[in-house]
Structure formats: structure tokens, C-alpha cells
Amino acid sequence: MEKRVKFKGILLPLLLVLPQLLVTAVFFFYPAGQAIWQSLFIPDPFGLSMRYVGLGNFEFLLSDPYYRASFVTTAVFSLLVTLVSMGVALYLAVLADRLIKGSGTYRTLLIWPYAVAPAVAGVLWLFMFNTRVGVVTWYLGLLGYDWNHVLNESEAMGLVVIASAWGRISYNFLFFLAGLQAIPRSVIEAAAIDGAHFWTRFRTIVFPLLSPTTFFLLVVNIVYAFFETFGVIHTITSGGPQQATTTLVYKVFADGFVGQDLGSSAAQSVILLVVVGALTIVQFKFIERRVHY
Amino acid sequence: MTAPQTSPAARRRPPPDGMVERRGRAYWLTHLGLIIGVAFIFFPIWLAFVASTVSQPEIVRPPMPLLPGDQFFANYREALFSGINAPVALMLLNSGIMAIGIAVGKIVISLLSAFAIVYFNFPLRRLFFWLIFLTLMLPVEVRIVPTYEVAANFGMLNSYSGLIFPLIASATATFLFRQFFMTVPDELAEAARVDGAKPMRFFWDILLPMSRTNIAALFVILFIYGWNQYLWPLLITTDPSMNTIVMGIKQMFPSGDDTANWPVIMATSILAMIPPVIVVISMQRLFIRGLVDSEK
């Protein structure tokens, strides 16, 4: 798509794109190039010189059981966050959609946790499940369950998943509700006249018609779980116990800043670049499809 | 979404008002389900609020109370004006400057470059377009180490420019404005040109006023994005007086085995969510529009 009417001039448009180009070059292209370059070297123990190792960093990473484990951790974590937040959101959106009056009120009540930062959400859930003072921990103790996410790996994973999914429900709810309200009433009423009950209608009509929204949210939520949950993990578990909650992004941080292993961290950045690229392509393919819908 | 009544008696009734025939169990179950959902969403925040109004001994002897206590003013005063590493009032200011800086900065550079890309033919236009396009989805999390080095070389550690500039290098806003400019009728630019208006005059007097709603919607989204940043401020600010509130909370936990000062930490958490929550609720319409727009 192009505009028919264009202004003349060469210097002015170049000046107009310059600020964005500069910021992008300095804080995006240069660092990204730097990451690719550094991923080919290993610094000596004193940080004085760099030794070229080719793809050595990558070979080492891919054979490193900890790195492979963090791939699995990231996949499990992202999948769980996506399923929990989308599941709860869909359930609430279906309920709100059944109301003729009042769905707006519930929307207002449900959307604002979107504004709560992941790191703050992490602190809130950490407080509830704190091993010493947590309310939920204490009541679980009454029931005879000894909660300790500091030592127990699956409890740690469960806690970061629920804290990450919690803030995300708002966003999914908003899109699901909009998607549900866009489904023509006549289709649903026709099915109702044919005697289809609520669950049948949902399974055979509503959910299939909702699939563009669902697929879109699936991609967006996986991207969210990949990159924007660092705050949750850092505040609640710091990647532990035994690296059970160390996702790929967390590991870039842990190896690069805490471990000062620059070559490995750069190689991890490059691998993430590839992952992000793949996700972007999926997203764009999908957006094209959505236009046709 | 209700099954129509089919019995003759029902048909003779006046048309049902809304979900009249559902004002039975199902109707209340729907509300009940939603209320449980809302309660689940609210509970962590309610607990944080309660914890911010009681004293430390009440928290460390579990179970803590579930209703607010009388230490509200004492806790918030302590948090705001002395804090643990730095006064929270100062961290709020830092967060505000960062969030507004990111939102305004992104909007300004994106408006300008989208204007150039849509309304001009200049050499390398396609190339610029694709260069910007490439940045679309690469979050700062992925390239933190080299970006940190760049910022350090520029002497941007512990500075507002270090907090702001690396985060405005992204293309979402550019795309939004590009798409919007595409929908602006050609006749407007044509008329401006016939009247002899310079491009920048067209931009100021016509394009900018027309983009007002888009700008506002985007501002809401970017403000929240900026306010909620965590990893980048964590790296770039080592001086507590430059901490933003969202990253500063974690720094308030003692290292080692000491007990955290929960009332002050929870008061800080509440303070950290108030500004973005107010923005979302007071500008709900713009917020929803911004969300939908930025995903198109």
C-alpha cells in the first residue's frame, strides 16, 4: 500500500527518520551485532584478551545439561502460564458474556491487574506463600501440607507459574470477551432452537468461532511468558531451587551478569534471537490469516 | 443466549426483559462464578494492603490478620520518606520520569519516522523501513549484556537517559502510526500541497490533531510498559537513589536470614501499583483501544 500524494524533498525525510535510526542503531543493531561477535570468543580468566573459538560456545551450550534443562524449564513454564491464564480468562469471559447487564462492571474489576508489574506480582505471591509468614502457607500447614517452595522444585515452579499467570488474566479476559461479543447472536440462538444445550453450543459453535482470538492469544502469551516474566522469577525464586525455575532469559542474566561468563551469555542471546525470530514469523503468518477471516 | 420458551403459555407472555427466564439458579451461578474470579484476582492485593496497615509483630506471628490494622499512616510515612535503601517517594519520582520519558520519547520518534516513511519518497526508504521493522519484537532482555556495555560506555549508568533511551528503540509505535497515516484521506495532503503548505505545517496542523486519540491510547500502554520495567533498571541503576520503585522492592529484602520489614515492603508494593492502575481505570477506553491497536 502506498500513498498517491507525496511531498517532495530528500533532506527533510532523512532528518525525520534520523532520531529513530540513531536510537535503533546504537541500542539495537550495535548490541545485537556485538552479541553475535562475542558469541564466537572466550575471554581469558583475567578478562584481558579474547580467544576465538568459532562455534565452540554453541557446541558447549548445546551439550551443557544445565542449558538443555533450562530449555525444558522454559517450555514447561511458558505452556503452563499460557494454559492457566487463558483457561481462567476464557472461563470468566464466557460467564461475563452470559450477562446482559453488568459485564462492563466485571470488566472494570478484572482488567486493572494488567497494570501490576510482574515483579510486584511476584512480591505479592511470595508474601502469601512465604515459608515463615505466608498466610496460605500457614493455612496449608493446618491442612497438614508442608509448603516449601524454597526447597521443593515443583512447588517453586507452581508458584512462579501462578504469579505470572495471575497478572495476565486481565489481558486474555479482555480479548476473549471482545471475541465472544463479536459472535453473532443469531447463530447461537439458531443452535438453541435446535435444542443444543450450553455446553454443546460452546463446544461446536462458540469455541470454533473464537479460534482466531485463541490462536492470537496463544502466541502473545508464549512471548510474554518467555520474556516478560523475568521479574516474577527474580523476585520469587531467583531461578532456584537447583535451577528448577531458570528460564532461558533468566540464564542469560545469571551467566552474563552474575557469572560473568560473557561468551556463553552472548551465545545464549544469539540462540534467543533465533527463537524470537521464529516466534515473530509465526505471529506474522497468523496476522495475515486473521485479516482473511 | 437463552433457549426460547416454546410452550404456548410462555409465548403469550410479554417479551422477556433480558434474561428474565434465567433469573433462576443459572443466573446467580453466573454471578457467583464471576465473583469468585474477581476474588481470586483481588485476594493478593487485599493481603498486601492489610499487611501495609499492621505492625511487623502481627505479621511475623502467623497467621496475619485479614482485616486492616491501625498502622496505615506510620507504615506509609516510613516507606515514603525513609524507605529501606532510599525513600520510596524518590523511587516513585524516578519511575515517573522513566515511564513518561519512554512514552513521550517513543511517540515522538515514531511519529516523525512514520510521517517520513508514509509521506515521502526518499532514497533508501525501503531499507529504513525494514531496519526499523527488524526491531519489532526483540525485547531488551535478549541483548542485555552488550546493551549494558553500550550504556556504560556512554556514561549512562545511574542516569535517566540510561533508563530511557535503550528502551525506546522499538518499532511497535512506528507501525501503529504508519498504519494510521495510511488511512488518512489523500485529499488532505493534496489540499495542503495545493495551498502551498510545507510538509511540516501539514504534519503539525492536520496530521497531529487527527492522531490525537491514537497518541493518547499509545501513551497509556507505553506508560505502563515503562513503569513496569524491571530487568533494565536493575542493571543500569546501582545507586539506590536512582532505583525505580518496581525494581527497588526486591532490593528491600534483606540478604541472609534476617526477617524482611514486611509492612514497609508491602506499602511500597501498593504504592508501586497505584499510578499505573489509576491510568488503566481512569482511561479504560483509551487503554483498551491501545491494547487492541498495538496488537494489530
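**Figure 1. Helix α12 of chain B.** Helix α12 of chain B comprises residues 212-227, 16 residues in total, and spans 22 Å from its first C-alpha to its last, close to the 22 Å expected at 1.5 Å a residue. The expected span of a helix is taken as 1.5 Å times one less than its number of residues. Helices (H or I, at least four residues) and strands (E, at least two) are DSSP runs, numbered from the N terminus. The model is predicted: local features need pLDDT of at least 70 and side-chain atom pairs count only at pLDDT 80 or more, whereas totals for chains, interfaces and linings use all residues. Residues are numbered from 1 along each chain as its sequence is written, chains are lettered from A and ligands numbered from 1 in the order in which they are written, and side-chain values use heavy atoms, with hydrogens and water left out. The buried residues of α12(B) include B:Asn214, B:Ala217, B:Leu218, B:Val220 and B:Ile221. Further along α12(B), B:Leu222, B:Phe223, B:Ile224, B:Gly226 and B:Trp227 are buried as well. Buried denotes under 20% relative accessible area, exposed over 50%, and partly exposed the range in between (1.4 Å probe, protein chains only).

**Figure 2. Chain B as a whole.** The secondary structure of chain B consists of 16 helices and 0 strands. Of the 296 residues in chain B, 52% are buried. Contact means heavy atoms within 4.5 Å. Among contacts in chain B between residues at least 6 apart in sequence, 72% join residues at least 24 apart.

**Figure 3. The interface of chain B and chain A.** Chain B contributes 116 residues to the contact and chain A 102 residues. About 10,300 Å² is buried between the two chains, 77% of it on carbon and sulfur atoms; buried area is the accessible area (1.4 Å probe) that two parts lose on being put together, summed over both. Helix α2 (residues 25-51) of chain B gives the most to the side of chain B that touches chain A, with 18 residues. That side of chain B divides into 85 nonpolar, 16 polar and 15 charged residues. In this division Ala, Val, Leu, Ile, Met, Phe, Trp, Tyr, Cys and Pro count as nonpolar, Asp, Glu, Lys and Arg as charged, and the others, Gly among them, as polar. Between chain B and chain A, 14 residue pairs are in polar contact, both residues being at pLDDT 80 or more. A polar contact is a pair of N or O atoms within 3.5 Å; within protein, one must be able to donate a hydrogen and the other to accept it, and residues adjacent in sequence count only if both atoms are side-chain atoms. The interface has 0 salt bridges, a salt bridge being a side-chain nitrogen of Lys or Arg within 4 Å of a carboxyl oxygen of Asp or Glu.

**Figure 4. Surroundings of B:Thr30.** B:Thr30 is placed in helix α2 of chain B and is buried, with a relative accessible area of 5%. The side chain of B:Thr30 makes a polar contact with the side chain of A:Arg98 at 3.2 Å. Leaving out residues up to four places away in sequence, B:Thr30 touches A:Leu95, A:Arg98 and A:Leu99.

**Figure 5. Salt bridges within the chains.** Over all chains, the structure holds 4 salt bridges. One of them pairs A:Asp97 with A:Arg185, with the closest N and O atoms 3.2 Å apart. A:Asp97 lies in helix α3 (residues 65-98) of chain A and A:Arg185 in helix α8 (residues 185-193) of chain A, so the pair ties together parts that are 88 residues apart in sequence. A:Asp97 is buried at 7% relative accessible area, whereas A:Arg185 is partly exposed at 33%. In the salt bridge of A:Lys251 with A:Asp255, the closest N and O atoms are 3.4 Å apart. Both A:Lys251 and A:Asp255 lie in helix α12 of chain A, 4 residues apart, about one turn of the helix. A:Lys251 is buried at 6% relative accessibility, and A:Asp255 is buried at 18%. In chain B, B:Arg193 forms a salt bridge with B:Glu190, with 3.6 Å between the closest N and O atoms.

Figure 6. A:Gln242, although not a glycine, has a positive phi of about 55°. A:Gln242 is found in the loop between α11 (230-236) and α12 (248-258) of chain A and is exposed, with a relative accessible area of 68%. A:Gln243, also not a glycine, has a positive phi of about 60° and counts as partly exposed at 32% relative accessibility.
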